[in-house]
Amino acid sequence: MNKLLYFVLAVLFSSSIFAQKDGFWDKERATTKEISLSAGKRALIKAEDLPVGTTEFVYRITVLDENQKLTSSLVSVLKAIHDPTGISQGTAGAIHLTSAISGDDKCTFALFQEVNAANLYLKDGKTDKACWEQKEKVNKDAKLISSSSLCLTNLPNLWFGFESQNWVMNQKIVLEVVPWVDYKASRGWTKETKKEVLDIAEKSDVAKILTYKAAFLATFIDLVTTKYKYSEFKQLLPVEKTKMIETISDESLLKSGKINDFLKDYNFHIRRLSLTKPEEAIKQLEHLIIERKLGKENEYDLLGALYLRTKQYLKAEEYILKAIAMNKNEIRFQLHLAHVYLVTDRVSEAKDIHKKYKDQNISVDTSWVKATKQDFDNMKKVGLPTDNFIKILRIIE
């Protein structure tokens with residue numbers, strides 16, 4: 001009994017997986033039109049605009065004698081078919097796509113994506129620019145047009161051109177078209193529309209700074225196309241688009257794993273900017289740390305050093321201490337803290353730091369002593385107090 005139960009559950013579970021749909025028959029935007037066509041004449045019917053995301057559509061054409069009516073609509077037939085493969089594979093449900101009733105009258109027809117080609121057919125019957133043609137005389141026909149067809153290359157347009165094959169009597173033609181809308185494709189993102197996002201990503205502030213940006217750009221496109229439909233993306237106001245670019249850029253850095261590479265390049269950018277525009281450098285770094293919340297210990301220390309350079313001593317100490325709290329093993333931060341103590345006349349505290357680290361290296365090829373002397377030269381150039389420098393040099397030399 002248990003084995004049977006497990007078997008039934010397994011079948012149900014697997015069936016539910018295969019029954020999952022990737023789209024839907026859009027009955028709201030289906031076409032149902034009826035025309036009366038004189039013997040030997042031609043006529044055009046424009047289908048309802050095919051919605052964004054149409055990857056297949058089914059048409060059914062029924063030629064009726066006078067006073068005949070369809071027994072069932074195409075939409076009602078398609079309710080029993082969950083996806084287009086059921087039609088293309090010739091399932092039992094697909095058999096009922098053709099009308100249960102039709103007359104003795106017959107016609108030929110062709111499908112067009114371009115209005116000029118359709119009008120040319122109406123004028124002289126030329127079908128060389130048709131995307132599909134039924135050359136045989138039929139009194140009923142039904143077909144699935146798939147994404148590989150030329151009939152889906154110019155959405156939302158679709159025209160049906162009919163030519164009566166009657167010699168004397170008028171005929172009644174019923175055209176039905178139902179589009180299959182793919183959920184993913186309905187979002188409107190194609191190769192061409194994605195290029196618009198790529199162009200934005202390449203012009204973003206992040207891309208301008210980041211040296212190796214391929215992973216960032218790919219993630220940016222993925223996030224935008226996931227969060228927005230193309231129609232929603234196009235309707236963004238300039239201020240909304242600006243905010244979106246920054247938000248998606250930051251999320252892309254984190255998701256692509258390029259945040260550390262970006263911060264390294266960003267620090268270089270800020271240091272270079274600070275040589276000529278220290279106020280702008282501070283403004284940008286504050287925005288990165290406070291608003292975007294991307295800053296790590298190096299960015300906090302760099303901001304503290306810029307505050308020190310511009311004589312904002314309280315802010316300098318605050319941010320350098322935050323950097324030290326994030327990484328207690330980085331002695332470069334300790335040197336910057338000693339500088340703050342020195343220019344604020346806390347010489348003894350500055351001396352304590354120098355005594356502790358004077359025999360160590362800041363980096364592989366830069367000693368504490370060398371870094372201190374270089375910093376003192378730079379501090380002198382920007383007009384910071386130099387009275388206490390000699391007191392420190394006596395300790396470290």
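Author: What follows starts with the cysteines and moves on to cores, charged pairs and a surface patch. Keep in mind that this model is predicted.

The structure holds one disulfide. Its partners are Cys131 and Cys151, with sulfur atoms 2.0 Å apart. The link is right-handed, with 100° about the S-S bond. It joins distant parts of the chain, 20 residues apart. Cys131 sits in the loop between helix H5 (115–124) and strand E6 (132–138). Cys151 sits in the loop between strand E7 (140–145) and strand E8. Both Cys131 and Cys151 are buried.

Now take Cys107. This residue is in no disulfide. The nearest cysteine sulfur belongs to Cys151 and is 16 Å away. A disulfide needs sulfur atoms within 2.5 Å. Cys107 is also buried, at a relative accessible area of 0%.

Next, the nonpolar cores. The largest has 68 residues. Within it, Phe233, Phe262 and Leu285 touch the most other members. Helix H15 (residues 331–343) gives this core its largest share, nine residues.

Leaving aside neighbours within four places in sequence, its contacts include Trp189, Val197, Ile200 and Met244. Glu196 and Lys241 are also among them.

Charged pairs come next. Side chains of opposite charge can pair when their charged atoms come close. A search of the whole structure finds 18 salt bridges. One of the pairs is Arg60 with Glu176, at 2.8 Å from N to O. Arg60 lies in strand E4 (residues 54–64) and Glu176 in strand E9, so this pair ties together parts 116 residues apart in sequence. Arg60 is buried, with a relative accessible area of 1%. Glu176 is buried too, at 2%.

Lys227 and Glu251 also form a salt bridge, with their closest N and O atoms 3.5 Å apart. Lys227 is in helix H8 (residues 214–227) and Glu251 in helix H10 (residues 238–256), so the pair ties together parts 24 residues apart. Lys227 is partly exposed, at 43% relative accessibility. Glu251 is partly exposed as well, at 29%. Elsewhere, Asp301, Glu330 and Arg332 are linked in a network of salt bridges.

Last, the surface. Trp167, Val168 and Met169 form a nonpolar patch there, with about 480 Å² of accessible area together. Val168 is in the loop between strand E8 (159–164) and strand E9 (171–182). Its relative accessible area is 67%, so Val168 counts as exposed.

Notes. Residues are numbered from 1 along each chain as its sequence is written. This is a predicted model: local features need pLDDT of at least 70, side-chain atom pairs count only at pLDDT 80 or more; totals for chains, interfaces and linings use all residues. Side-chain values use heavy atoms; hydrogens and water are left out. Patches are made of residues with over 30% relative accessible area and no salt bridge: like charges are joined within 9 Å, nonpolar side chains (Val, Leu, Ile, Met, Phe, Trp, Tyr) within 5 Å. Accessible areas come from the Shrake-Rupley method with a 1.4 Å probe; for residues, only the protein chains shown count as cover. A salt bridge is a side-chain nitrogen of Lys or Arg within 4 Å of a carboxyl oxygen of Asp or Glu. Helices (H or I, at least four residues) and strands (E, at least two) are DSSP runs, numbered from the N terminus. Buried means under 20% relative accessible area, exposed over 50%, partly exposed in between (1.4 Å probe, protein chains only). A nonpolar core is a set of buried Ala, Val, Leu, Ile, Met, Phe, Trp, Tyr and Cys residues joined through side-chain atoms within 4.5 Å. Contact means heavy atoms within 4.5 Å.
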